[in-house]
Every structure is written in structure tokens, then in C-alpha cells.
Amino acid sequence: MAIIVNLDVMLARRKMSLTELSERVGITMSNLSILKTGKAKAVRLETLNAICEVLDCQPGDILEYSAAE
Amino acid sequence: MKKDLKSIRLIRFLLIAISSVVFLIGIYQHRSAFMKGWNETPAIDGPHSGFHAAIFKNVISKEGDSLQISGQGSYRFKLEKEYLVTGDVFSKEQGSSQVFLYKVCAFVLMTTILILTVLILLNLFRFLGDSSRGEIFTLVNIDRIKAIGLYCVSMSLLLLVVDLINFLIQLEFFRFTEYQVNYAFDLDYTLFAVGMVTMVIMYVFKKGHQLKEEQELTV
């Protein structure tokens, strides 16, 4: 897919583990893994909102469009 | 959902029960054919074989002979030789090699149809088994539905070929007579339609699987 998920980059910047994010956002680890590995087919605005709130970032920091892929 | 799963289990049970009863009745009704062999069934042996044997072999063998036939109750009629045959006495052996070939083809086709029937039931049984566990929109089930549809369509076409072979066998029987055997096109349309509808359902299931996958991968 042309949309790249940079969740791992943001997690590294915030020095936060996936488990901590999962606990604070209220999403299961398996769902966060799906998002992190780029297997997700859709992201709810509600989820994106919660992640941005916890990581203190913009949706553009997590999602990126790449025409090359 | 629980109610649906219960209904599926009930359907599965009914499928096993009805299939078993039909199979047992089939064996009971055709037990003599099972014991004698595959070539003794009246359908392959030509229509009213006893009647033919009576006319062509024994009763009407010389000029002036006639045949009295008694039906149910007091129904009777008389057949004269000139109304029935040209003069050649019919014998099964006269066309034996060709008839044998037709019979072999019919046997192979009927065996294939039997195998297809078993495969359809097996696929349906497994599909209902998975469905009763809640695994409905899976790739395996899609393949099963596709197979059922293809088998149904194939069976209707194979039955058509069997019909044609039966016609050819009858043609052989009537070869030495003045009778003309007409071929009546008889496609098992219900089976064909069921197969086609099943194929359409397969596409619905494919879409269902796609939606399920999408829903599962939505974070």
C-alpha cells in the first residue's frame, strides 16, 4: 500500500513501548501490531485521535503517503 | 447468532438422516440389480425387454402369428406381425459389441455421477460442520461452495450424456425393426439451475470473506 505507518518512529521519539501505548490508548496489542506492521486495511478516526493524543503528535506524523510503493 | 448455529446443526442432522434413509431405500429397492450386476437394469436394457423378447424371439416367429396381450383387468389387444417387424427377428447379440460399448460408457458416467453425488454431500456436510462452529466466511468454505456448484452443473450435463447413450442403446435395439426412436432432449434443468445459483452464492461468500477480513483488519 502507498500509505506508510510510522508508528514505530513516533514510539522511538517518545521513548514509549508498544505495550505502554496499548494500555494508554485502550487498544489491544494485536491491533496495534497490525497497525505498526502496515497490515491494517483501515484506521478509525477515533483510534487515530487516541494515538495522537497519547503520543502528542499530528496524524501526519504517524501516516505518510509514498507514491513509489 | 446462537439460534442460527442451532439451526445449522439441525440442518446438518437432517442432511445426514435424509441421505442415509434415501441411500438405504435405494439399496433395498435395487438390491436385485446390485446382486445381478450393472447391466441388468431395465433402463439400460431397453424398454420393456420382456415385451421385446416375447415379440421378436418366441411368439411371432412365423407368418400369420399374432400376439395377444392381456393388460390389467379385462384389457386385451392383439398384435399382428406385419404391424410390428419387417421380417428380421430381433436378437440382442446382433448389435452386442456396440451396445456393450454404450453400456461401458453409461457405467463410467453413472459411476462418475455417483462419485459427484458423494462429493457434493461430503462438501455440504463439511460446510455445515464449519458453519455450526461459526466459521462461515472462510476460504475453505468458498472452495466447497464452488465445488458443489461445479459438481451440480457437471452432473446435469453428464445426465444429459447418459440420456443420449440410453437413446443410442435403444436405437440399437430397434435397428432391425420399422420403428423409429426419437431423441427427446431432456436436460435436468433444476440441477443445472441449482449449480448456477450455488456459483452465485459462492461470489456472495467471497464478498463476505473480503468484508470480514476488512473488518478484522480495521484498527
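This is a predicted model: local features need pLDDT of at least 70, side-chain atom pairs count only at pLDDT 80 or more; totals for chains, interfaces and linings use all residues.
**Exercise 1. The contact between the chains**

Work out how many residues of chain B and of chain A take part in the contact, where contact means heavy atoms within 4.5 Å.

*Solution.* Start with the head count: chain B puts in six residues and chain A puts in 11 residues. Residues are numbered from 1 along each chain as its sequence is written, chains are lettered from A and ligands numbered from 1 in the order in which they are written, and side-chain values use heavy atoms, with hydrogens and water left out.

Next, the area. The size of an interface is often given as the accessible area lost when the parts come together. Here the buried area (accessible area, 1.4 Å probe, that two parts lose on being put together, summed over both) is about 770 Å² between chain B and chain A, and carbon and sulfur atoms give 61% of that. On the chain B side, Leu217(B), Thr218(B) and Val219(B) lose the most area to chain A, together 81% of what that side buries.

**Exercise 2. Charges and polar pairs across the interface**

Find the salt bridge that joins Glu213(B) to a residue of chain A, and give its N to O distance.

*Solution.* First, the rule: a salt bridge is a side-chain nitrogen of Lys or Arg within 4 Å of a carboxyl oxygen of Asp or Glu. Applied across the interface of chain B and chain A, the rule turns up one salt bridge. The side chain of Glu213(B) meets that of Lys41(A), at 3.8 Å from N to O.

Then look for polar contacts (N or O atoms within 3.5 Å; within protein, one must be able to donate a hydrogen and the other to accept it, and residues adjacent in sequence count only if both atoms are side-chain atoms). Four residue pairs across the interface pass, both residues at pLDDT 80 or more.

**Exercise 3. The network around Asp130(B)**

Which residues are linked with Asp130(B) in a network of salt bridges?

*Solution.* Begin with the whole structure, where the search finds five salt bridges over all chains. Asp130(B) pairs with Arg133(B), their closest N and O atoms being 2.5 Å apart. Asp130(B) also pairs with Arg144(B), this time at 2.8 Å between the closest N and O atoms. Asp130(B) sits in helix H5 (residues 96–132) of chain B and Arg144(B) in helix H6 (residues 139–173) of chain B, so the pair ties together parts that are 14 residues apart in sequence. For helices and strands, take DSSP runs (H or I, at least four residues; E, at least two), numbered from the N terminus. Put together, Asp130(B), Arg133(B) and Arg144(B) form the network.

Now check burial (buried is under 20% relative accessible area, exposed over 50%, partly exposed in between; 1.4 Å probe, protein chains only). Asp130(B) is buried at 11%, Arg144(B) is buried too, but Arg133(B) counts as exposed at 55%.

**Exercise 4. A pair within one helix**

Decide where Lys212(B) and Glu216(B) lie, and how many residues apart they are.

*Solution.* Both lie in helix H7 (residues 189–216) of chain B, four residues apart, or about one turn of the helix. Lys212(B) is partly exposed at 32%, and Glu216(B) is partly exposed at 46%.
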